[in-house]
Amino acid sequence: MDARALQIGLAGFGNVGAGVYLNLVRNGDLVAARCGCRLEVRRIAVRDVNRVRAVDPPAALVTADWRELAADPEIDVIVELMGGVSEAYDLVKAALEAGRIVVTGNKALLAERGRELFALARERGVPLLFEAAVAGGIPIIKAIQESLVGNRIESIYGIVNGTCNYILTRMQEAGIAYAEALEEAQRLGYAEADPALDVSGWDAGHKAILLGSLVSGAWVDPGSVVVEGIEHIAAADIGYAERLGYAVKLLAVIRRKGEAGLLEVRVQPSLVPSQHMLAAVHGVFNAVLVRGDVVGDALFYGSGAGRDPTSSAVISDLGEACRAKRGVIQTALINPAEEAALLPVDESFSHYYLRLNVDNLPGVLARVAALLGDHGAGITTVLQPETEGDSAELVMVLGDAPYGSIRRALREIAELDCTRETPVLLRLEPLETRATA
Ligand code: HSE
């Protein structure tokens, strides 16, 4: 054993675990030369040693017990790629308690138990690294913690779930319904057999919690974050959005008005202008638009999932682990002792898209407009497709207003005797760009 090498305990040899191993074999010399120490996989923990895999781990390194990794004093860094929360938590906790550096791509683990784990990492003075947990291969964590360290981050708009972005893209491109697009995503292997975590918005929610915690430097409580998925998005809304000059994206929004303002952290399907670069993020790709007070706007685009992109992120953390082994410790810019003060979602502002199905009678539009006006909502655009039947669709764009006012207006509109179906409301983010001097 080379004592100067970084000794790695790899927990999990699924798609990403195998990818990390293979890419270390492929680019190990390059990484060693750049990081100043060799990276050696010393032990690999798998759940089922007898499972037939596309890539077999070297038998001499394999154990069925992840506890061996945390207990091995020769191991410098534990790479947790097991997935799930319960066992992964036990492993990461045991590793940190034993003073091992931890690298994980497990966003659910960090969003749900990160407060305790980051506190433990601080207490023990060891890094807990998580580049792979947000937007896969896009190096957004290091961008925020290192490259943009001279900025106050004012906002982040992220397309951080490839499955949802694929479904929404296909609904727009092919004019197909949500169920058909989901079925296609599953057939092509983009969506899990159980896609609930993705389409409910919670995979993106976990990533938003981590981004919000980094931006604020305090812990974002998952219970206070509003997360809405894409299951209810109708093909009609994608079509109307397109006619109005917008694309529908599942958007993670993290932003703060002014330095003393409360932090907004939410994930909701949102219209973005068709000419904006985020609207051109198609298929399974991810993108994160960061606005810093010094840099202005910076856009990061790439693969948000997959074996190799995620391996790339894990290996970047192994580079960081090499520096930590030499004593250069970077703790996450999250102080878990503090809780981020979040803006109640009803006080958050945006523009809106509204679709109503109403009686096709004179005066109906005026009644709806008056009610919206009573709640301070201004109408920017109205679209009423020609109809000869006794019902009509009214599609509107509303100007900047608090979410709570719009929701109150909507409840009243839903109760009007001329309203035939539950109104559809989506956020709309104009996304003006900002350049600094
Ligand atoms: N399932 C996620 C996605 C990747 O579809 O983007 C892992 O977070």
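Which residue in β4 does Ala11 stand opposite? The first legend below has the answer, and the views that follow come from a predicted model.

**View 1**
Let's start with β1, which covers residues 6–11. Six of its six residues are buried, so the strand is largely enclosed by the rest of the structure. Leu6, Ile8 and Leu10 point one way from β1, while Gln7, Gly9 and Ala11 point the other way. Strand β2 (residues 39–45) pairs with β1 in the parallel sense over six bridges, and within β2 the bridge partner of Ile8 is Val41. To get from β1 to β2, the chain passes through helix α1 (residues 15–35), and this β-α-β crossover is right-handed. β1 also pairs with strand β4 (residues 77–80), again in the parallel sense, here over four bridges. As for the opening question, Ala11 stands opposite Glu80 in β4.

**View 2. The open sheet of six strands.**
Stepping back from β1, the sheet comes into view. Its six strands follow the order β3-β2-β1-β4-β5-β6, with parallel pairing, and the sheet is open. The edges are formed by β3 (62–63) and β6, each of which pairs on one side only. At the β6 end, strand β5 (residues 101–104) joins β6 through two bridges in the parallel sense. Look for Val103 here: its bridge partner in β6 is Leu129.

**View 3. Helix α6 and its surroundings.**
Helix α6 runs over residues 162–174. Its 13 residues reach 18 Å from the first C-alpha to the last, close to the 18 Å expected at 1.5 Å a residue. After the helix comes Gly175, whose phi is positive, near 65 degrees. The buried residues of α6 are Gly162, Thr163, Cys164, Asn165, Tyr166, Ile167, Leu168, Thr169 and Met171. What covers them? The covering elements include β7 (153–159), α7 (178–187), α8 (196–199), α10 (235–244), β10 (246–256) and β12 (285–292).

**View 4. Around the ligand.**
Some residues from the previous view return here. Surrounding the ligand are Lys107, Asn161, Gly162, Thr163, Asp198, Asp203, Lys207 and Ala305. A polar side-chain atom of Lys107 lies 3.0 Å from an oxygen atom of the ligand. Gly162 takes part through its backbone, with an N or O atom 2.7 Å from a ligand oxygen. For Asp198, an N or O atom in the side chain is 2.9 Å from a nitrogen atom of the ligand.

**View 5. Gln145 in helix α5.**
Is Gln145 buried or exposed? Gln145 sits in helix α5 (residues 140–147), and with 9% relative accessibility it counts as buried, because that value falls under the 20% cut-off. Neighbours within four places in sequence aside, Gln145 is in contact with Leu214, Gln330, Thr331, Ala332 and Leu333.

**View 6. Ala135, with a positive phi.**
Ala135 has a positive phi of about 60 degrees, although it is not a glycine. You can find Ala135 in the loop between β6 (128–129) and α5. This alanine is buried, with a relative accessible area of 0%.

**View 7. Pro273 and Leu431 in contact.**
Pro273 belongs to strand β11 (residues 263–273) and counts as buried at 12% relative accessibility. Beyond its neighbours within four places in sequence, Pro273 is in contact with Gly245, Tyr246, Ala279, Glu429, Pro430 and Leu431. Pro273 and Leu244 are 29 residues apart in sequence, and their C-alpha atoms are 8.9 Å apart in space. Leu431, one of the contacts of Pro273, lies in the segment after β18 (424–428). Its phi is near 55 degrees, a positive value in a residue other than glycine. Leu431 is buried too, with a relative accessible area of 8%.

Key:
Residues numbered from 1 in each chain as written. Predicted model: local features only at pLDDT ≥ 70, side-chain atom pairs only at ≥ 80, totals over all residues. Heavy atoms only, no water. Buried < 20%, exposed > 50% of the residue type's maximum accessible area, 1.4 Å probe, protein only. Pairing = 2+ DSSP bridges. Right-handed = clockwise from strand over helix to strand, strands pointing away. Expected span 1.5 Å × (residues − 1). Contact = heavy atoms within 4.5 Å. Near = heavy atom within 4 Å. Polar contact = N/O pair within 3.5 Å; in protein donor to acceptor, adjacent residues only side chain to side chain.
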